[in-house]
Every structure is written in structure tokens, then in C-alpha cells.
Amino acid sequence: MSPTGLSPLHARMSTILRARESELRRILDVDDSLLAEPQGPQVLDFKDLAAEQAAASIEDVTAAHAAAELTQVLAALRRLDKGNYGSCTDCGEPIDERRLLAMPATPFCTACQEVRERSIVGRLPRPPHH
């Protein structure tokens, strides 16, 4: 254990998770200048309007993904603080270090993640047969 009480892996993961938290918070910050009313009359054609709508849709999806990932990162940081980071939240078994390095916020070991994914796939509607 390091002087802070964290193993070297946990100390490294804490640094990675906190950096990602900062990145996600920057993504989610709203630039007040974007909310200001446009100055003067604006003439938009259909191409401009379509481009603005596409950009807004992309921004909405990006923000939704960032918010979901931020929730996962904050949960991982709480697990670090509680001392149970690196243990699967479903079965309690240790999560492989390679998995943690690839996905620092993951709460599940590979086996439990596979079970969750299979159960989701099993609930998806089947496409109609022609």
C-alpha cells in the first residue's frame, strides 16, 4: 500500500478517473455565450437550418453520453473512497486488472458483464420474418 492507503493500481486508477471526471465536466459545461440571443437579423436558408439542427442533435447525444459516463466515473470514485474499487458489484470477485485499465469505471467483472449483456439481448424485440 502507498502512504495514502491506496495500492499502486488504485492510486493510478484514481488519477485516471479524476482526470476523466474533469474532461467530462468540461464537455457538459454550458458556454453562456452560446445561449445569448443573436445580434441583428439573421437569414437562414434550409441548408443552414438543417446544419444547425444536425449540430444540435450531435451536441445532445454527446452531452447524454458524457453525463452517463460521468455517473459511472463518480460511482467508481465512490468505490475507491469506500475501499471496494476493483471488486465486482454483482459477485464481489476481483475485476481483472487489464479490464480496469481498459475501462476504469467498470463495476463488473467480465463474467457478470457477459450475463448482463446476454439478458439485455434476450429482451430485445426480434425483427419480423419476411
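Modeller: In this predicted model, helix axes are lines fitted to C-alpha atoms over the stretch in contact, and angles between N-to-C directions run from 0 to 180 degrees. On that basis, α1 and helix α3 (residues 46-82) pack at an angle of about 150°, with axes 9 Å apart.

Biologist: Why are α1 and α3 called roughly antiparallel to each other?

Modeller: Angles over 145 degrees count as roughly antiparallel. The angle here is about 150°, and α1 and α3 are therefore roughly antiparallel. Their crossing is left-handed. On the α1 side the contact includes His10, Met13, Ser14 and Leu17, and on the α3 side Ala66, Leu70, Leu77 and Leu80 are among the residues involved. By class, this contact has 14 nonpolar, three polar and six charged residues.

Biologist: What makes Ser14 count as buried?

Modeller: Buried means under 20% relative accessible area. Ser14 has a relative accessibility of 11%, and therefore counts as buried. Ser14 is placed in helix α1 (residues 8-28). Apart from neighbours within four places in sequence, Ser14 is in contact with Leu6, Leu77 and Leu80.

Biologist: How do you know that Leu100 is buried?

Modeller: The cut-off for buried is again under 20%. Leu100 has a relative accessible area of 1%, so Leu100 is buried. This residue belongs to helix α4 (residues 97-102).

Biologist: What makes Tyr85 a contact of Leu100, when neighbours within four places in sequence are left aside?

Modeller: Contact means heavy atoms within 4.5 Å, and Tyr85 is listed with Leu9, Met13, Gly86, Ile95 and Thr106 as in contact with Leu100. Leu100 and Tyr85 are 15 residues apart in sequence, and 9.7 Å separates them from C-alpha to C-alpha.

Technical notes
Residues are numbered from 1 along each chain as its sequence is written. This is a predicted model: local features need pLDDT of at least 70, side-chain atom pairs count only at pLDDT 80 or more; totals for chains, interfaces and linings use all residues. Side-chain values use heavy atoms; hydrogens and water are left out. Helices (H or I, at least four residues) and strands (E, at least two) are DSSP runs, numbered from the N terminus. Buried means under 20% relative accessible area, exposed over 50%, partly exposed in between (1.4 Å probe, protein chains only). Angles under 35 degrees count as roughly parallel, over 145 as roughly antiparallel, 65 to 115 as roughly perpendicular and the rest as oblique. A crossing is left-handed if the near helix is turned anticlockwise from the far one by less than a right angle, and right-handed if clockwise. Ala, Val, Leu, Ile, Met, Phe, Trp, Tyr, Cys and Pro count as nonpolar, Asp, Glu, Lys and Arg as charged, and the others, Gly among them, as polar.
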